[in-house]
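Q: Hi, I'm new to this one. Can you walk me through it?

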Amino acid sequence: MPAIADRLNNVSISASAAMTQRARDLAAQGTKVISLSAGEPDFATPSHALEAAHAAALAGDTKYPSMDGTPALKAAIARKFKRENNLDYEASQIVVCGGAKQVIFNAMLATCNPGDEVVIPAPSWISYADIVKFAGAVPVPVACPQEAGFKLRAEDLEAAITPRTKWLFLNFPNNPTGAACSRAEMKAIADVMLRHPHVWIMTDDIYEHLIYDDFEFCTIAEVEPKLYDRVLTVNGASKAYAMTGWRLGFCGGPKDLIAAISNVNGQNGGGTATIVQAAAAAVLDGPQELLQERAAIYKQRRDFVLSELAKIDGLKCHKPEGAFYIFPNISGLIGRTSRGGRKIESDTDFVMALVNEHYVATVQGAAYGMSPFFRISYATSMEKLTEACARISLFCAEMR
Ligand code: PMP
């Protein structure tokens, strides 16, 4: 038999996708399952995005796209970076890809040699480590403990950097903890990076607009302009504009790096769909009020879920500054047995018993590189959150 490539040996299937599938299977059997496992806004894509895509299609904008992004979209992205992040990127410093995920994938293929190391604050989005391994590099996790508010501490970062380090990844607000960085915290990270000029920094700012309680988002190239030439600032339409299915991400960075990413992008897909690019330009240049309106709704949900979880014996939650996740610590429940008879020895046991016995789908912390925790996505209705919290509460109370 012909064989599958060795590079797939260490690449896992996403636990969050697996749990979302388990929720779908249970629902197909007629079970009233509540899925808190997907990292996806429950809002609709703004109508002006739909109209722009429609207009582009009708106008015949249906030929091969420019591989690195249309001039109109790049101009809208440059305006976004200036307006929201005070960053100057010209067209030759911007690439458009099929999602932030593809930006990061292309960037790693463009830069990593076998054995290069990529420092990834943990817990982290499931895909980072797999993308890094795809590119032949080695993910190096650095724990951001709950006691530190799930933030990256300067001394831990310093200790993780070696002569082989190629990249540092940053993702604040974070998936799965929701932790964000203040300017002072970001400056402390930047100060470490100033001492290590051989390392690039990829900042995944996809949750930029999901931030609460007047906490101010900041991004490293703006906080420390001396790092500007080493930073790849990544963002996209998925989370801010509820456009996960459109697959639109982009980045700004130094010209040579952008040219290399663009080169990979040209082979890996050949550019993002023209009508999607038209829709993205429309949302970036369009009315921005919806960002605050939606953030206010997410905040209400976060506060509700936090207050419900606080009443549950055995769970310990940190209040997240952003994103739409809560990452409760379940160490108080380890060693107990669920009503259905499952011994809870790990966070995987916990989420499996919860979905099988009470039909609430969440994701185990192990999938993000930190145990024993589980991730709740509150990007769903208050009605579902109310029911889900009641079920989680009962599930924990029934444990012996
Ligand atoms: N980065 C992080 C941290 C994410 O959580 C996600 C989505 N789960 C992405 C990137 C993916 O973004 P996109 O849809 O733009 O590929």
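What follows is a short chat about this model.

Q: What kind of model is this, and what is its mean pLDDT?
A: This is a predicted model. The mean pLDDT of the protein is 96. 100% of its residues reach 70 or more.

Q: And what scores does the complex get?
A: The predictor gives an ipTM of 0.99. The pTM is 0.97.

Q: How is the protein divided into domains?
A: The domain assignment gives domain 1 as 6–44 + 290–397. Domain 2 is 47–285.

Q: How far apart are the C-alpha centres of domain 1 and domain 2?
A: They lie 26 Å apart.

Q: How many residues are in contact between domain 1 and domain 2?
A: On the domain 1 side there are 33, in contact with 30 residues of domain 2.

Q: Which elements give two or more residues to the domain 1 side?
A: Helix H1 (15–28), helix H11 (289–310) and strand E9 (325–326) do. H11 gives the most, with five residues.

Q: What classes are the residues on that side of domain 1?
A: There are 17 nonpolar, 10 polar and six charged residues.

Q: Which other strand pairs with E8?
A: Strand E2 (residues 94–97) pairs with E8, also antiparallel and over four bridges. Gly249 turns up here too, as the bridge partner of Cys97.

Q: What holds paired strands together?
A: Strands of a sheet pair through backbone hydrogen bonds, either parallel or antiparallel.

Q: Which way do the residues of E8 point?
A: E8 covers residues 249–252. Gly249 and Cys251 point one way, and Phe250 and Gly252 the other way.

Q: Why that pattern?
A: Because in a regular strand the side chains alternate between the two faces of the sheet.

Q: Are the E8 residues buried or exposed?
A: Gly249, Phe250, Cys251 and Gly252 are all buried.

Q: How many bridges link E11 and E12?
A: Two bridges link E11 to strand E12 (residues 374–377). In E12, Phe374 is the bridge partner of Gln364.

Q: Which peptide bonds are cis here?
A: The bond from Phe172 to Pro173 is one of them, with omega near 0°. Another joins Asn175 and Pro176, where omega is about 20°.

Q: Where do Pro173 and Pro176 lie?
A: Pro173 is in the loop between strand E5 (165–170) and helix H7 (183–194). Pro176 also lies in the loop between E5 and H7.

Q: Which residues other than glycine have a positive phi?
A: Phe150 is one, with phi near 60°. Asp214 is another, at about 60°.

Q: Where is Phe150?
A: Phe150 sits in the loop between strand E4 (138–143) and helix H6 (154–160).

Q: Buried or exposed?
A: Phe150 is buried, because 25 other C-beta atoms lie within 10 Å.

Q: And Asp214, where does that lie?
A: Asp214 is in the loop between strand E6 (200–204) and helix H8 (220–223). Asp214 has 5 other C-beta atoms within 10 Å, so Asp214 is exposed.

Q: Last one: where is Val355?
A: Val355 lies in helix H12 (residues 347–358). Val355 counts as buried because it has 23 C-beta neighbours inside 10 Å.

Q: What is Val355 in contact with, leaving aside neighbours within four places in sequence?
A: Arg22, Ala23, Val360 and Ala361.

Q: How far is Val355 from Ser35?
A: Val355 and Ser35 are 320 residues apart in sequence. In space, they are 9.0 Å apart, C-alpha to C-alpha.

Definitions and conventions:
Residues are numbered from 1 along each chain as its sequence is written. This is a predicted model: local features need pLDDT of at least 70, side-chain atom pairs count only at pLDDT 80 or more; totals for chains, interfaces and linings use all residues. A residue is buried if 20 or more other C-beta atoms lie within 10 Å of its own, exposed if 12 or fewer, and partly exposed in between; C-beta atoms are placed from the backbone. Two strands pair if DSSP finds at least two bridges between them. pLDDT is the predictor's confidence in each residue, from 0 to 100. Domain bounds come from an automatic or database domain assignment. Two residues are in contact if their C-beta atoms, placed from the backbone, lie within 7 Å. Ala, Val, Leu, Ile, Met, Phe, Trp, Tyr, Cys and Pro count as nonpolar, Asp, Glu, Lys and Arg as charged, and the others, Gly among them, as polar.
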